[in-house]
Amino acid sequence: MAIRNILQDGDSTLLKTSRKVTDFDKRLHTLLDDMRETLIDANGLGLAAPQVGVLRRVVLIVDINIESDDMEEQIIELINPVILEQSGEDSSSEGCLSFPGIYGIVTRPATVKFSAQDRFGKDFEMVVENITARAVCHEVDHLNGVIFKTLVERYLTEEEIEEMFASREANNEEESVEEKTVEDKQVDENQTS
Ligand code: NI
């Protein structure tokens, strides 16, 4: 496994449409393993293959509803994801690993049903809500060359960003030491995908 370079704002690859995965082979598994390591290293909520320069429909999502202290166990791999149904609305702050330090309010569906394939090509469907639904929409957008900045209704000010981090830190202090690992992750859950 290897940590891959995450493409940053201004890289035209981020604006391109990714192609469907047809071969569920070792090459795909290496990409997925590298993306997992890259996502954990960056402490994000999701990562799409085009963000590491690979124009294939491959996405990782961190599902915080999976109870585990180990982020590795919360990662879901989505190959060729397709959003089937969506409902409700949620306007919250959102960021992206390709746009560090920038946060904006984006309205996303509150609930999303999607289909995808796992790393062996097996089909599955899932219904996700709130922050996980937001992450799925954000990452599927990446596969279509859509960056979150084009959807931002309003950028957070420096002060608001500081407040966002401060309030999370305050929440942290209420947690016991045992819960620290989980809470550390939650601090970042809104930040970057
Ligand atoms: Ni992103």
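This is a predicted model: local features need pLDDT of at least 70, side-chain atom pairs count only at pLDDT 80 or more; totals for chains, interfaces and linings use all residues.
1. Gly46 stands opposite Ile61 of S2. Strand S1 (46-48) and strand S2 (residues 58-62) run antiparallel and are joined by 3 bridges. Strands here are DSSP runs of E with at least two residues, helices are runs of H or I with at least four, and both are numbered from the N terminus; two strands pair if DSSP finds at least two bridges between them.

2. Residues are numbered from 1 along each chain as its sequence is written.

3. The average pLDDT (the predictor's confidence in each residue, from 0 to 100) is 91 for the chain, and 89% of the residues score at least 70. Please look at residues 176-189, where the pLDDT is below 50; this stretch has 13 contacts in the model beyond near neighbours in sequence. A contact means that the C-beta atoms of two residues, placed from the backbone, lie within 7 Å.

4. Now the sheet: it is open, has 5 strands in the order S1-S2-S3-S6-S7, and its pairing is antiparallel. S1 and S7 (123-129) are the edge strands; each has a single partner, so one side of each has no neighbour in the sheet. On average, neighbouring strands are turned by 40 degrees against each other, direction ignored.

5. Two helices meet these strands. Helix H1 (residues 26-42) lies across S1, S2 and strand S3 (75-87), at about 40 degrees to S2. Helix H3 (residues 130-143) packs on the sheet and touches S1, S2, S3, strand S6 (111-117) and S7, its direction making about 160 degrees with that of S2. Axes are lines fitted to C-alpha atoms, for helices over the stretch in contact, and angles run from 0 to 180 degrees between N-to-C directions.

6. H3 is mostly covered, with 12 of its 14 residues buried (20 or more other C-beta atoms within 10 Å of the residue's own, C-beta atoms being placed from the backbone; exposed is 12 or fewer, partly exposed in between). Among the buried ones are Arg134, Glu139, His138 and His142. After H3 comes Gly145, with a positive phi near 75 degrees.

7. Finally, Met164 sits in helix H4 (residues 158-174). Why is Met164 partly exposed? Because 17 other C-beta atoms lie within 10 Å. Met164 and Ser93 are 71 residues apart in sequence, yet 9.4 Å apart in space, C-alpha to C-alpha.
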